[in-house]
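Colleague: I would like a close look at a single part of this model. Please keep the account to one chain and its contact with its partner.

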Amino acid sequence: MKGFGPILVFEFKIPFTDIVVPITNTVTVTWLIMAALAVVFILTTRNYERIPKKVQNVMEMLVDTITNLTKQTMGPKNIKFAPYIGTVLIYLAVANVIGVIGIRPPTADLNTTMALSIITFCMINYNAVKTKGLFGRIKGFTEPMFLLTPINLLGEIATPISLGFRLFGNLAGGLIIMDLIFGGLKSLSTAIFGANALPIFQLAIPLPLNFYFDIFSGLLQSLIFAMLTMINVSNAMD
Amino acid sequence: MSNITNEGLVLACSAIGAGLAMIAGIGPGIGQGYAAGKGAEAVGRQPEAQGDIVRTMLLGAAVAETTGIYGLAIAIVLLFANPLIGLLG
């Protein structure tokens, strides 16, 4: 196996132990995105003014959109979930679209997507137990009849797995297809212009595919992840 | 015929298996097409609710896609992180 998995950047040795943690570029790109988002949001949300200027207008619109989306999907009483949903939405949108500047998207790694979907799983169970009580939650598995309990439990475990694999599969599939296209165009140009030719066919031909796989599909998948999180949590609560 | 190594046989069969796993793409294709058709029908009947309809349709299409993604995950594992090679010892 070569060329597809995330690249190892460096190995981190935990002090006073012999445990060596491999740091791949999934982790480093995630740090990069986190730092960039933190800097952008700190810089743009200082100095509030009563009559908003350009940047403040954009930020207020973003917050408004996310709040309205949460309110529409989960109902007005669950508006407290809006900050988490907004964080996931913005992080995933940036992480999925970052492939467009040639960086490997961190969401094309199963570790990232499964971590996010396990957070969703914990949120579902915590909020369900909080609103319905532990007994009510367990009783919910035996509905509509007792015989269906194993199927209900299986469905509960399948939720985070399908969430994580959907995001991973879409991003990784797009990555593989783009890799194949670029490789094919490169070998086409070497076949026509000789072995040392510039890969001239890579210039503009993959543009529509790039647009679909990196921008459209990435933004759509981040929206879908956030929507499914909201729907699952609010379904488990009532 | 005797010069096929064990590893070569496993690799060849894994490649065939990866191809077969992607037959799972038929299901999501039918499902997404059905969702898109119903979405177009709904927009035709009620053009003012287009935003809601498109959002619901995309969500339904994403859910229908899941089985195909499972097939893709199997194919990726067979091609890039083959567990069967390790069984040869």
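What pattern does chain B follow, read along the sequence?

Modeller: This is a predicted model, in which local features need pLDDT of at least 70 and side-chain atom pairs count only at pLDDT 80 or more, while totals for chains, interfaces and linings use all residues. Residues are numbered from 1 along each chain as its sequence is written, and side-chain values use heavy atoms, without hydrogens and water.

Along the sequence, chain B reads α-α-α-α, with four helices and zero strands (DSSP runs: H or I of at least four residues for helices, E of at least two for strands). The radius of gyration of chain B, taken over C-alpha atoms, is 20 Å, well over the 12 Å from the globule rule for 89 residues, so chain B is more spread out than a compact globule (the rule is 2.2 Å times the number of residues to the power 0.38). Its C-alpha trace spans about 70 × 20 × 10 Å along the principal axes.

The contact (heavy atoms within 4.5 Å) with chain A takes 14 residues from chain B and 19 residues from chain A. In chain B, Arg55(B), Leu59(B) and Phe80(B) lose the most area to chain A, together 38% of what that side buries (accessible area lost on being put together, 1.4 Å probe). Across this interface the rule finds zero salt bridges (a side-chain nitrogen of Lys or Arg within 4 Å of a carboxyl oxygen of Asp or Glu). On the side of chain B that touches chain A, helix H3 (50-64) and helix H4 (66-80) each supply at least two residues; the largest share, seven residues, comes from H4(B).

Definitions and conventions: Chains are lettered from A and ligands numbered from 1 in the order in which they are written. Buried area is the accessible area (1.4 Å probe) that two parts lose on being put together, summed over both.
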